[in-house]
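Thanks for coming. Please look at the sequence and the model on the screen, and I will go through a few points in turn.

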Amino acid sequence: MTVSLTPHGLRVGEEDLPLISGTMHYWRVPRAKWGECLDRVAEMGFRIVETYVPWSVHEIERGRFDFGERDADKDFPAFAGLVHEKGLKLLVRPGPHINAEITYFGYPKRLFAIEDALARGPEGAAVILPVFPRMFPVPSYASERFYEEARLWFDAVGPRIAELLWPKGPIVGVQADNELSFFFRTSLFDQDYSEAALSLYRKFAREAYGELGEANRVWGTDYAGWDTVAPPRRFEPKGAPRLPYYLDWAAFKESLIRHGLRRCAELLAAAGVSGVPIYHNHPPAGTGSPFDIATAEQELAAVGFDLYPTRREYASVRRVARHLAGASRLPYIPEFSSGCFPWWTPITAADQRFTTWVPFMHGVRAIDFYMIVERERWYGSPVTAEGRVRPEYFELFQTFHRVLEASDLLRKDKETPALVLEDLDYDRLELAASLVDPLPPILLEVTGVPEARRVHPDALGFGRPIQMENSRVRLLAETSLEAARIPFDLAYTSLPLERLARYRLVVLPTFEFLARGVQEKLVAYARAGGTLAIGPRVPERDRTGDPCDILRYALGDVVEGIGGGEHRARAHRVGEGRIVVVTHPDQSFAPGAPLWEKLGVTPPIRWEGEGIDATLFRGKGPRIVMVANPTAEARATSLSVPGARGALDLVARAEADLASLKLEPYSVRVLEVRE
Amino acid sequence: MIAEDVRIHELDPVQWANLWALASRPVAGRSRRPGPRGALTLLHDGERLLQAFGSVEVDPASLPFSGVGPESLRAVREAAGVRRVTAVDVRGVRRLFDRGQRAVRYDEDFIRQALAIYGAVRAEAEAVVRADPPRRKPLPAIDADWLERGARLLFSRPQTLAFYVFEGREPHASLILGFEKGDLTRVTTHDALAQRGFELQWGMDDAPRIAAEITRRFAPLRLGVFLTLETWDECRRGDEGGWLGAVASGRIALGPAPIPLAVLLRLLKLGWAVFSRD
């Protein structure tokens with residue numbers, strides 16, 4: 001009897017259980033109030049509770065831990081026992097990193113004195129995380145010295161978790177570490193240059209190239225031995241090393257995250273934790289290198305993104321949800337704001353009434369509401385640490401669970417004909433060419449600096465600067481699909497072929513180079529009957545710079561020119577499918593251009609008016625339509641759902657007129673279609 | 001100055017959001033400075049302008065950038081039609097980062113850590129970041145020891161500070177800070193009182209009761225600042241003598257106030273009464 005993940009949630013023995021949970025930190029709630037709080041959580045409709053188990057809170061001194069022997073509030077096994085008694089399930093996150101707004105993020109302070117356990121910047125300085133109320137040097141997840149210390153913790157907490165795994169106890173999932181991502185500092189040349197990381201980098205390069213001569217040839221370097229190989233410390237657009245030298249360092253950093261996840265999962269397994277899904281959460285830092293969900297899910301059961309949005313951030317929530325829907329086997333948000341920490345943009349009930357629905361509208365299937373029970377350094381949860389209810393929030397979650405059950409949304413599929421891909425190497429190039437490295441991309445996102453304005457403007461020997469053009473062309477394609485009301489998901493080119501095959505249309509901005517494996521995969525997708533739109537350039541080289549014209553070679557006869565004059569896109573027959581070369585994206589992706597219609601990709605539903613968004617879900621039972629008004633003004637729309645005779649608003653529990661649908665500012669309506 | 005385990009609890013979500021938004025609340029009738037608005041950030045490598053972004057969309061190639069001299073930046077500002085231009089030398093960003101993080105000691109107070117970074121990068125930041133209009137004075141040195149001594153002197157015993165902005169009878173925004181041995185140890189809002197049965201009756205006039213309750217619940221209130229949202233907006237507009245006028249006329253209630261401040265307050269009120277007569 002084990003617990004596993006399905007595309008809809010958890011499979012616990014013979015039972016399907018939606019992966020919808022809420023977080024409560026037992027050690028931050030008086031033990032006498034645990035029961036009351038859990039009762040309130042269950043009353044809202046939650047069947048799963050989630051908690052961190054923090055290293056620093058339980059460690060008394062190196063290798064000695066308090067699990068309730070000294071401080072009753074720290075009795076994790078008793079808390080888990082109570083969860084079990086209440087008929088709830090439990091997800092646990094034993095770190096070693098937890099953040100949780102705890103000073104030092106859950107690491108014992110003594111760790112920072114171990115020099116060879118710390119991450120290093122390019123000049124050798126320890127990497128400092130500038131957080132309130134104490135800045136601290138971050139550990140290196142390449143360092144075995146760090147894992148030696150972490151093992152002491154896992155050896156203590158692991159057996160306690162193992163004892164409480166389902167069916168003996170309530171635990172149905174365990175998270176490996178938390179937001180493992182260079183601590184938000186994801187700039188390419190910021191870290192990790194520790195000896196441990198450099199050693200792993202050389203191993204990575206050796207595995208990639210085999211012979212040093214080959215690495216030197218591709219990189220444009222002249223290293224005499226593997227032990228002298230060093231990664232780039234800054235981007236030199238006119239320097240001797242060639243582009244792959246930088247792209248490989250970015251690829252290595254992605255692999256370093258996976259290495260950390262693997263090591264944490266190994267330590268958990270060695271401590272007896274098995275038979276439940278091991279999962280992970282990337283930080284709310286936006287998608288892009290070093291976050292590659294499809295590849296990370298080769299190591300773990302599921303990997304998601306955390307999100308803390310206000311109601312004005314509809315577009316970014318939608319973007320992350322689309323990315324999860326495209327890239328993950330279970331689109332999961334392991335932390336979604338239920339309240340907020342005090343030093344972030346304030347999030348209120350008015351925000352949550354809107355944002356809570358948005359991820360589901362765009363394909364998310366699993367979520368944890370963080371925090372469902374309030375604690376210090378947090379506000380705006382539906383239940384306080386004393387077990388008191390905040391009615392506005394409490395009722396929101398009761399409604400949420402009622403509607404989720406009534407709609408059976410998690411078992412239905414969002415109708416999504418298209419997938420917009422982004423090539424990982426182009427994304428790595430954007431990261432390498434950042435002009436403000438080491439300023440973290442997340443900081444630049446928050447301050448609203450456009451991607452194309454943060455990067456070096458040199459063309460680097462290409463027709464146009466790919467690091468600027470890539471995001472621009474991709475956004476043109478996305479805007480064009482949105483204007484045509486065609487739903488789409490997002491993913492990186494690391495997505496396996498069988499996942500690409502779920503979509504009728506795949507769009508990928510392409511330039512002079514593209515990895516050989518990616519070219520082969522795309523051709524296989526088209527040959528099997530898919531429609532692939534690429535451009536503005538058809539790649540002629542591999543990522544190493546070597547000639548590689550797999551895509552160009554696959555192009556058969558032109559079967560159709562789409563659009564007018566010299567700007568027309570050209571559709572080529574390829575096997576059972578076709579490849580469309582969009583040489584002039586500004587024209588072909590312009591709103592109102594006929595590209596998608598000519599390709600036979602049509603919207604599943606249509607609506608009138610601007611500023612509205614809608615998605616359609618199909619499955620067993622009635623179809624569900626979710627309609628959002630992400631603006632500050634009330635809107636009205638007319639919705640055309642083929643075959644619909646009416647609709648029931650599941651939130652308001654009232655009939656809805658699809659021909660004249662009113663939407664309050666920042667609202668989502670969940671409609672059950674009367675067939 | 002900030003305790004390692006500073007307790008931040010019972011923040012009322014709406015009051016907390018309002019507190020953040022107080023300074024940016026749109027105030028009807030507030031006069032704006034004349035002239036262009038907005039700002040532009042330039043990224044350059046000492047010779048070449050590489051990128052530009054900000055409140056206006058401009059093509060970097062169209063800007064009359066000829067270095068980081070005052071004339072060049074002024075010309076860029078005028079061409080872009082913005083109030084301020086900031087030019088960042090991208091070659092210096094890494095150096096600033098490196099110096100800053102080398103200055104941090106993990107077991108030090110947060111403000112000390114922040115000041116250590118500031119001290120380490122202050123001189124170089126002047127060269128890496130240039131602006132037009134230029135700063136009139138160089139960035140000042142700040143002595144962390146002096147600050148810490150000041151904090152210990154002011155908050156030697158357990159005590160609290162409170163700030164309330166009322167909208168009718170309810171707090172629109174509130175903040176209660178607790179101190180011990182010179183350290184900030186607690187951050188909370190009125191919710192911490194309300195959840196334990198303390199009820200407001202009159203709004204602003206409840207100030208003495210609030211002060212007594214904070215003293216009873218946490219520690220003696222050293223300074224409480226109470227005003228209405230209307231007064232807040234008036235002060236931001238500069239009406240009725242602005243902030244000073246509001247304090248002197250009692251529309252901003254300071255109570256209790258430490259003795260030196262109370263003396264100043266009486267003098268201010270006296271002066272206001274004399275000079276504000278028609």
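How many salt bridges are there between chain A and chain B? The count is 6, where a salt bridge is a side-chain nitrogen of Lys or Arg within 4 Å of a carboxyl oxygen of Asp or Glu. In one salt bridge, the side chain of Asp190(A) meets that of Arg94(B) at 3.4 Å, N to O.

Before I go on, the ground rules. This is a predicted model, in which local features need pLDDT of at least 70 and side-chain atom pairs count only at pLDDT 80 or more, while totals for chains, interfaces and linings use all residues. Residues are numbered from 1 along each chain as its sequence is written, chains are lettered from A and ligands numbered from 1 in the order in which they are written, and side-chain values use heavy atoms, with hydrogens and water left out.

Back to the interface. The size of an interface is often given as the accessible area lost when the parts come together. Chain A and chain B bury about 4,000 Å² between them, 60% of it on carbon and sulfur atoms; buried area is the accessible area (1.4 Å probe) that two parts lose on being put together, summed over both. On the chain A side, Arg134(A), Met135(A) and Arg453(A) lose the most area to chain B, together 19% of what that side buries. The contact, meaning heavy atoms within 4.5 Å, takes 54 residues from chain A and 43 residues from chain B.

Next, Glu59(A). This residue is in strand E6 (residues 59–61) of chain A, a strand being a DSSP run of at least two residues marked E, numbered from the N terminus. Is Glu59(A) buried or exposed? Glu59(A) counts as buried because its relative accessibility is 13%, and buried means under 20% relative accessible area, exposed over 50%, partly exposed in between (1.4 Å probe, protein chains only). Its side chain makes polar contacts with the side chains of Trp55(A), at 2.8 Å, and Arg110(A), at 2.7 Å. A polar contact is a pair of N or O atoms within 3.5 Å; within protein, one must be able to donate a hydrogen and the other to accept it, and residues adjacent in sequence count only if both atoms are side-chain atoms.

Last, the backbone. A cis peptide bond joins Phe132(A) and Pro133(A), with omega about 0 degrees. Another bond, from Gln191(A) to Asp192(A), is cis with omega near 5 degrees. Ala100(A) is not a glycine, yet has a positive phi of about 55 degrees. Ala100(A) is buried, at 1% relative accessible area.

Key: Helix = DSSP H or I, 4+ residues; strand = E, 2+ residues; numbered from the N terminus.
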